[in-house]
Amino acid sequence: MQTSRDWRDAPITPGNWRWGLAGGASTARFGEGPGDTVLEFRCDRQAGTVLLIRAGMADGPVPLTVTTTSTARPLTARPRGGSQPGIVVALPARDPLLDAIIFSRGRFAVEAQGLAPIYAPTWPEIARVVEDCR
């Protein structure tokens with residue numbers, strides 16, 4: 001029997017999406033609990049960007065790919081400052097990739113060099129952040 005390596009067949013990463021305000025910013029966090037965020041979308045209204053933040057450590061810029069049912073986009077993530085280790089990509093609030101994530105059929109993938117892939121469900125919390133930023 002041949003096994004499939006298609007990202008759409010991989011199990012969803014365990015967790016739930018939670019929307020809230022963090023420092024006045026519309027934020028959607030994905031993880032198994034409030035203190036275990038592995039993926040985050042945060043509106044930076046002043047900059048007109050949505051920050052995609054992935055938990056994990058990096059010494060410098062790392063390749064990161066977001067895959068949806070309609071597109072795959074290579075990006076470069078930079079280390080996030082602060083007490084929570086992570087890497088971050090800033091996307092313009094009207095970037096078509098954000099719409100591709102929102103409308104992806106059930107899930108999307110975030111893969112960063114040196115870190116385990118995240119297969120996250122497409123719940124409305126992401127759309128809320130994007131709409132709040134537009």
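Below are my entries, from the whole chain down to single residues.

**Ground rules**

I am working with a predicted model, where local features need pLDDT of at least 70, side-chain atom pairs count only at pLDDT 80 or more, and totals for chains, interfaces and linings use all residues. I number residues from 1 along each chain as its sequence is written, and side-chain values use heavy atoms, with hydrogens and water left out.

**Entry 1: the whole chain**

I looked up the secondary structure and found 2 helices and 9 strands in the protein chain. Here helices (H or I, at least four residues) and strands (E, at least two) are DSSP runs, numbered from the N terminus. Along the sequence, I read the pattern β-β-β-β-β-β-β-α-β-β-α. The protein chain is as compact as a globular protein of its length, because its radius of gyration is 14 Å, close to the 14 Å that the globule rule gives for 134 residues. That radius is taken over C-alpha atoms, and the rule is 2.2 Å times the number of residues to the power 0.38.

I also noted the box that the C-alpha atoms fill, roughly 50 × 30 × 30 Å along the principal axes. Of the 134 residues, 44% count as buried; buried means under 20% relative accessible area, exposed over 50%, and partly exposed in between (1.4 Å probe, protein chains only). The protein chain exposes about 7300 Å², with carbon and sulfur atoms supplying 51% of it. Those areas come from the Shrake-Rupley method with a 1.4 Å probe, and for residues only the protein chains shown count as cover.

Next I checked contacts, meaning heavy atoms within 4.5 Å. Of the contacts in the protein chain with a separation of 6 or more, 52% are between residues 24 or more positions apart.

**Entry 2: strand 5 and its partners**

Which way do strand 5 and strand 6 pair? I found strand 5 (residues 62–67) and strand 6 (residues 72–79) antiparallel, with 6 bridges. Two strands pair if DSSP finds at least two bridges between them. V62 has A77 as its bridge partner in strand 6, and T67 has A72. A hairpin of 4 residues takes the chain from strand 5 to strand 6.

Strand 5 also runs antiparallel to strand 8, joined by 4 bridges.

**Entry 3: on to strand 7**

Strand 6 pairs with strand 7 (residues 86–92) as well, antiparallel and over 2 bridges. R78 stands opposite V88 in strand 7. The hairpin between strand 6 and strand 7 has 6 residues between them, and G82 in the turn has a positive phi of about 105°.

Is T68 buried or exposed? I found T68 in the loop between strand 5 and strand 6, and T68 counts as buried because its relative accessibility is 4%. Leaving out residues up to four places away in sequence, T68 touches W7, A100, I101, S104 and F108.

I followed that last one: F108 lies in strand 8 (residues 107–112). With 0% relative accessibility, F108 counts as buried.

D95 is in the loop between strand 7 and helix 1 (96–102). At 9% relative accessibility, D95 counts as buried. A polar atom of the D95 side chain lies 2.7 Å from the backbone nitrogen of L97. D95 also touches R73 and R134, not counting residues up to four places away in sequence.

G48 sits in the loop between strand 3 (37–44) and strand 4 (49–55). G48 is partly exposed, at a relative accessible area of 27%. Neighbours within four places aside, G48 is in contact with L91, P92 and A93. I also wrote down G48 and R94, which are 46 residues apart in sequence and 8.6 Å apart in space, C-alpha to C-alpha.

**Entry 4: helix 2**

Which residues of helix 2 are buried? In helix 2 (residues 124–133), I listed E125, I126, V129, V130 and C133. They are on the same side of helix 2, because they cover an arc of only 140° around the axis. The arc is that of the directions from the helix axis to the C-beta atoms.

Key:
A polar contact is a pair of N or O atoms within 3.5 Å; within protein, one must be able to donate a hydrogen and the other to accept it, and residues adjacent in sequence count only if both atoms are side-chain atoms.
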